[in-house]
Amino acid sequence: MGKGIIRIFQTIGAAFKEGDFRCRISFLLMGFGQLLRGQFVKGAAFMLLEGAFIKYMVSFGARYFSKLSTLGTVATQKVRRKTIYGDNSFLILLFGILTVFVILAFAVLWYLNVKDNYEILKLVREGKKIPTNKENLASLFDKNFDKTLLALPVTGIFVFTVLPIVFMICVAFTNYDKNHQAPTNLFTWVGLENFEHLLSFGSSGMGRTFAQVLIWTLVWAFFATFLDYFLGLAVAILINKKGIRFKKLWRTLLVVTIAVPQFVSLLYVMKMFANDGLINGYLMKWGWISSPIQFWVDPMLARITIIVVNIWIGIPYMMLIATGLLMNIPEDLYESARIDGASGWQMFRKITLPYMLFVTGPFLLTQFTNNLNNFNVIYLLTQGKPLSMKLAENAGNTDLLVTWLYKMTVLDTNYRMAAVIGIMVFIVTAVVSLVVYNMLPSVRDEEGFQ
Amino acid sequence: MKKKKIAGNIVSYIVLILISIVWLFPFFGLFLQSFRSYDPKVEYGGMVDYLVPKTFSLDNYRFLFSGQTNFLKWYANTLIIAICVAVIQTVIVLCVSYALSRMRFSGRTFLMRFWLILGMFPGFLTMICLYFLLKQFGLTQAGAVPGLILVGTASSGMGYYVCKGYFDTIPKALDDAARIDGATRARVFFTMTIPMSKPIIIYTALVAFMAPWCDYVFASYVAFGHDESFNVAVAMTRWVWTNDYQGYFTRFCAGGILIAIPVTILFMCLQKYYVEGVTGGAVKG
């Protein structure tokens with residue numbers, strides 16, 4: 001990293017010192033050198049981009065960028081019947097961040113321009129031929145095909161993921177909530193206040209709620225991952241067993257839960273477990289219970305029910321994966337174990353399980369992080385309910401961090417705290433991933449596959 | 001010994017049959033209840049505590065097709081979104097995977113690591129910002145369908161893992177041989193890699209096609225309050241969450257069946273590719 005930066009400055013310095021007038025003018029007027037050397041397409045592209053950058057900054061970017069430190073000072077007001085428009089913190093923050101990225105992108109472009117000029121110069125001095133316009137364009141489908149392929153996806157990810165995430169990270173340090181909705185009420189930077197609020201265990205702080213939701217999120221992810229994993233493995237072994245017929249049929253029957261859209265199946269299952277639902281209805285009719293089991297009302301029972309329903313969702317998925325992998329275990333391993341008099345359980349523990357854990361280590365990790373953010377199962381089943389008076393900000397007893405975040409955004413427009421929670425989710429995911437990833441035995445060199 | 005084996009097999013069959021019943025029961029229930037009328041004169045349309053309807057009727061299906069609600073419109077919306085997302089996402093994923101698997105350019109590992117970290121942020125974090133961006137282009141409420149297509153595909157480049165893993169297993173020597181013969185990278189990609197990647201293309205498209213059917217979060221936020229641009233998940237979730245006395249539950253069941261059957265059949269036909277994809281993805285992580 002450090003070396004790379006040094007090399008960048010070396011190139012710029014060398015280009016200036018050794019460069020001719022074409023090269024040096026290109027420092028200010030991008031694409032000048034290329035144009036004079038006959039590379040019209042590239043030169044014109046650089047020049048147009050520089051023009052666009054200047055136009056953007058003058059007519060748009062600078063205005064927002066300059067207010068980024070305060071997020072606006074003049075609120076929009078109504079004086080008698082006239083509306084006097086002021087600043088809009090939301091726009092200032094969003095376009096301010098955009099401008100920062102545009103400036104960075106321009107810096108990179110400027111460097112590419114200088115480097116390109118310098119390289120052309122070197123070619124000329126060595127007496128080699130400069131690539132023609134046609135060759136330049138053709139290289140986009142050959143040597144530089146990666147740029148063609150990645151241009152659109154990277155732009156999409158930038159606009160629809162990077163920009164919004166940076167925006168929300170910034171919101172975590174402002175007081176943007178329902179009392180500060182621009183443009184009538186501006187919001188501004190408040191430093192670490194929101195984080196302090198989240199982690200304070202006083203009567204007004206959210207510390208206790210956060211701790212409870214966080215613990216439940218981790219407990220849920222643990223059970224949802226490992227119960228599904230082992231039960232799915234068990235089902236796969238059962239179906240794979242010698243002497244069991246219609247293997248394909250059994251698998252297909254289970255796979256239906258993957259195929260049917262979750263909102264249909266989960267909403268139906270949610271109703272099945274309701275107080276007036278099928279399960280309670282039949283249990284009462286058969287006289288096994290006298291009053292309905294409060295599946296979704298009792299906090300502890302609700303949590304257990306969610307985990308059980310999730311097994312229903314998760315087993316088929318794991319079963320599919322395990323089926324393929326189980327067949328990869330060499331049969332003679334089992335054969336020799338059998339000769340040594342090993343029981344089925346011993347073989348499972350000494351052969352099957354270690355192999356599976358080794359091969360599916362990374363998969364388990366992704367499953368775990370996915371479950372930390374498993375919005376659909378929780379939201380469709382309980383929406384985080386049962387609610388509790390003890391919890392702050394509408395949090396319920398089965399809320400995960402993400403469903404809580406969602407509720408804060410949609411119900412309460414408490415964006416400042418939602419942003420903080422989002423950052424917390426990121427931290428939890430990142431920490432879990434890093435710690436587990438380094439423990440995995442199967443982390444191998446990526447190039448090793450090729 | 002043999003007796004023990006047979007006994008073991010019988011136990012296994014019993015367990016398998018029990019599992020199958022548990023797994024299929026909700027769908028069976030959904031199917032039966034979709035035939036219970038919601039007309040109060042015939043039967044109650046809310047949640048009841050019995051499985052088999054007392055009188056079978058097609059009222060729910062009639063209601064859905066009668067134009068009293070926008071059901072057909074919702075269905076069409078979802079179908080359009082799903083098809084567009086499947087096509088565009090597959091193209092993007094193929095491009096990104098090929099570039100990352102075959103080309104070595106500066107910033108490649110940085111890009112992969114950066115996307116990995118980016119993926120650790122919860123998706124809903126971006127919701128209000130995305131809403132604002134879409135609104136600028138008029139892609140919310142009435143324009144929610146193209147808006148949702150845009151949101152669904154814009155960041156799909158980050159989901160390259162499985163596909164790249166597949167490309168990595170295609171020997172590089174093939175590429176090199178073609179390139180020595182004078183083929184450009186683009187030609188190798190279009191005429192060699194893509195035809196060889198049928199399973200992974202089908203897998204990617206299938207997964208992308210399935211996702212919009214369950215998209216509740218973004219769809220409800222982007223289409224907020226505009227009935228005509230709801231997708232099925234948003235519109236019908238509303239039916240379940242309204243109070244039971246309105247009796248919309250059986251109509252939800254009927255709609256659920258109409259959605260589940262085509263999607264399930266499609267999935268079952270392409271199941272082979274799906275299994276290949278998830279197994280490959282699981283091993284390579």
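Predicted model: local features only at pLDDT ≥ 70, side-chain atom pairs only at ≥ 80, totals over all residues.
Over chain B as a whole the mean pLDDT is 87, with 97% of its residues reaching 70 or more. For the model, the scores are ipTM 0.88 and pTM 0.87.

Chain B contains 14 helices and 0 strands, and its elements, read along the sequence, follow the pattern α-α-α-α-α-α-α-α-α-α-α-α-α-α. The C-alpha trace of chain B spans about 75 × 75 × 30 Å along its principal axes, and its radius of gyration is 24 Å, whereas a compact globule of 285 residues would have a value near 19 Å. Buried residues account for 44% of the 285 residues of chain B. Among the contacts in chain B that join residues at least 6 apart in sequence, 72% link residues at least 24 apart. Chain B is divided into domain 1, covering residues 2-64, and domain 2, covering residues 69-241, and the C-alpha centres of these two domains of chain B lie 35 Å apart. Helix H7 of chain B (residues 161-169) is mostly covered, with 7 of its 9 residues buried; the buried residues of H7(B) are Tyr161(B), Val162(B), Cys163(B), Lys164(B), Gly165(B), Tyr166(B) and Phe167(B).

Chain A, in turn, has 18 helices and 2 strands. Its radius of gyration is 30 Å, well over the 22 Å that the globule rule gives for 450 residues, so chain A is more spread out than a compact globule. The C-alpha trace of chain A spans about 95 × 80 × 35 Å along its principal axes, and 35% of the 450 residues in chain A are buried. Of the contacts in chain A with a separation of 6 or more, 64% are accounted for by residues 24 or more positions apart. The division of chain A gives domain 1 (2-191) and domain 2 (207-444), whose C-alpha centres lie 44 Å apart. Contact between these domains of chain A involves 9 residues of domain 1 and 9 residues of domain 2; by class, the side of domain 1 of chain A that touches domain 2 of chain A comprises 5 nonpolar, 2 polar and 2 charged residues.

The contact between the two chains takes 69 residues from chain B and 78 residues from chain A. On the side of chain B that touches chain A, helix H1 of chain B (residues 2-33) gives the most, with 13 residues, and the composition of that side by class is 49 nonpolar, 15 polar and 5 charged residues.

The largest nonpolar core has 162 residues, and those with the most contacts inside it are Leu401(A), Leu405(A), Ala419(A), Ile421(A), Val96(B), Leu148(B) and Val222(B). Helix H3 of chain B (residues 71-102) gives the most to this core, with 15 residues. Apart from residues up to four places away in sequence, Val96(B) touches Leu149(A), Leu150(A) and Pro153(A), together with Gly157(B) and Tyr160(B). A second, separate core of 6 residues includes Ala15(A), Tyr118(A), Ile120(A) and Leu121(A).

Some features of backbone geometry were also examined. Most residues other than glycine have a negative phi, and most peptide bonds are trans. In chain A, a cis peptide bond with omega of about 0° joins Lys385(A) and Pro386(A), and Pro386(A) lies in the loop between helix H16 (375-381) and helix H17 (401-410) of chain A. Gln383(A), which is located in the loop between H16 and H17 of chain A, has a positive phi of about 55° although it is not a glycine. With 17 other C-beta atoms within 10 Å, Gln383(A) is partly exposed. In chain B, a positive phi near 45° occurs at Gln141(B), a residue other than glycine, which lies in the loop between helix H5 (127-136) and helix H6 (144-154) of chain B. Gln141(B) has 16 other C-beta atoms within 10 Å and is therefore partly exposed.

Methods: Residues numbered from 1 in each chain as written. Chains lettered and ligands numbered in written order. Core = buried A, V, L, I, M, F, W, Y, C linked by C-beta atoms within 7 Å. Buried ≥ 20, exposed ≤ 12 C-beta atoms within 10 Å, placed from the backbone. Helix = DSSP H or I, 4+ residues; strand = E, 2+ residues; numbered from the N terminus. Contact = placed C-beta atoms within 7 Å. Domains from an automatic or database assignment. Nonpolar A, V, L, I, M, F, W, Y, C, P; charged D, E, K, R; others polar. Rg over C-alpha atoms; globule rule 2.2 N^0.38 Å. pLDDT = per-residue confidence, 0-100.
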